[in-house]
Amino acid sequence: MLAEKAQGGTARFCAPGLTRQDIADVLAVLPSGLASRMPIVAMRGKHAARPDKLILASHSLLHLCGAKNLADLFRFLSAGEGGCSQRFADVAANLSLDAAPAIETLHFRIGKATRTITFLCRRTGGGRASLFAAAVLDVFDRQDEATSLVARAAPPVSPGAAVGHGNESIEAGPRKAALRASRPGAGSSRESLEKELRLQKSEFRELSAILDTAVDGVAVLDSQGRILSLNRSCEALFGYDQNEVAGKHFTSLIAPESRALANAYLEGLKSHGAASLLNRGREVVGLARQGGTIPLFMTLGRIGASPAVDEDRAARFCALLRDLTHWKKVERELEGARKDAERASALKSDFLARVSHEIRTPLNAILGFAEVMMDERFGSIGNPRYKDYLGDIHASGTLVMSLVNDLLDLSKIEAGKMDFAFASIDANRIVSECVSIMQPQASRERVALRLSLSPALPNILADERSLRQIVLNLLSNAVKFNRPHGQVIVATALADAGSAVIRIRDTGVGMSEAGIGAAFEPFRRLATARPSRGTGLGLPLTKALAEANHASLSIKSKEHEGTLVEIVFPPARILAE
């Protein structure tokens, strides 16, 4: 389609081959409200080694540039004035992807006149293609010759006289800067000039309103860093009216400790060097009128120069000032919460370690004396029921000792105080030994253990003691929560991604999604049809040990269908032969 209406129906476009959705995607590149009200142009990049291709332009931009189609417009935009401005394609090529919108002022030669056009530019997209769009913010024409037809037709202007509307004025200047029609082909009648002036003023008022409603403070600076204007948010931020600070250096709004940084930032942008290309903003401290300080994030950008004046002397800059007070408060609160959590964790680990050490001594005595009495080393026990009670005492003491040991290990891991001896480990050997250890328990529970080891599995970098405990804990759970005549399959493999995997699959009772999450919580034991003894720390401790060995533990399970547990050691923990 050669023309499509914009989303709001207020502008038409020359866009060969583009659909309505394509045009909507282009309009979305620019800030809301600009694309439908101002002349725009868009380009699309297909590949980094190829220049961008012109794909869309509004009819108002074609009219502004005196072009009939996209080919004519491309020739116009490529004809930058030598030594005075970049070509439009260079602006598109140098704009960073998904960066903040940039303002560029370019000069174009049209016959004996030079047209100065200010664009708001932005590039977005991803992958191998990207979109570049630009909206016209300002147009200014100047003549190198004495006058134009319009100037000759206009009545003479006495020195010092000014023509304007509201707060804007057009000063009478040198003859070489005589005003002419801003749009080629628009005619030289006074009516067309007045219409164009009204349009420009309307657009100016709209942009001013947009800036005043912005949350961030915006300050316009001259080439020396003196303040030209402030938006309302900037006035509210510092407590000044713009008339009170107009003409002062912008560092008067910056605290003394940040002024050197702010000055260096501005000088870097003036130099057109690397500092102007790597514009990432700066964190500075502002100075409020009431005397307080304000944490700010400041971004400076060049917004071009006033026409008919030397560009370096008349360059203007825009300062965007974002108040970081709220974010700094949140940052302090998060930092405080993190320190409190670390302190609480350290206290908890220290408490568990102390309690565990204190419990182990009397518990060892209980277990030892219970064993002596069970063996009847100093004489027989009269009543056989006492012997049964001693068995219960010994079993309970053993369970408590297991709990204390698990608590001690878990607290050491969380505190980072557990000692690991990382070495080259043959995982197949460790798995085989663990299966042999668990074989008697599996036989008592009438569960079959099957082994499938990969001969191509290389050695891994791990702690042998903790790896053995990981496999034993998982095998114990697989046997404990299995059914009679069920089976447990233990396998090792080298995955396609280069990681080493230990898999333990059982045909037991399984777990639901909620049950898997609860199983990783300390002291949580799932309700099953088959009662079992345990502390509820086996799986949380196993997961902590796996992570301490730089491995990951995952569980896949369904109720009544069994469970699959995988321990994955990443390629970084695999040792080459």
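## Helices across the sheet

Helix H15 (residues 464–480) lies across S16, S18, S19, S20 and S21 and runs at about 20° to S19, where contact means heavy atoms within 4.5 Å. Helices (H or I, at least four residues) and strands (E, at least two) are DSSP runs, numbered from the N terminus. Helix H14 (residues 427–444) lies across S16, strand S18 (487–494) and S19, at about 170° to S16; axes are lines fitted to C-alpha atoms, for helices over the stretch in contact, and angles run from 0 to 180 degrees between N-to-C directions.

## Basis of the model

This is a predicted model, in which local features need pLDDT of at least 70 and side-chain atom pairs count only at pLDDT 80 or more, while totals for chains, interfaces and linings use all residues. Residues are numbered from 1 along each chain as its sequence is written, and side-chain values use heavy atoms, with hydrogens and water left out.

The five strands form an open sheet of mixed pairing in the order S16-S18-S19-S21-S20, two strands being paired if DSSP finds at least two bridges between them. Strand S16 (448–452) and strand S20 (552–558) are at the edges with a single partner strand each, so one side of each has no neighbour in the sheet. On average, neighbouring strands of this sheet are turned by 15° against each other, direction ignored.

## Strand pairing

S16 and S18 run parallel and are joined by five bridges, with Ile 489 in S18 as the bridge partner of Arg 450. S18 pairs with S19 in the antiparallel sense over seven bridges, and Val 490 stands opposite Ile 504 in S19. The hairpin of S18 and S19 has five residues between the strands, and Gly 498 there takes a positive phi near 95°.

Strand S19 (residues 500–506) also pairs antiparallel with strand S21 (residues 562–569), over seven bridges, and Ile 502 is opposite Ile 567 in S21.
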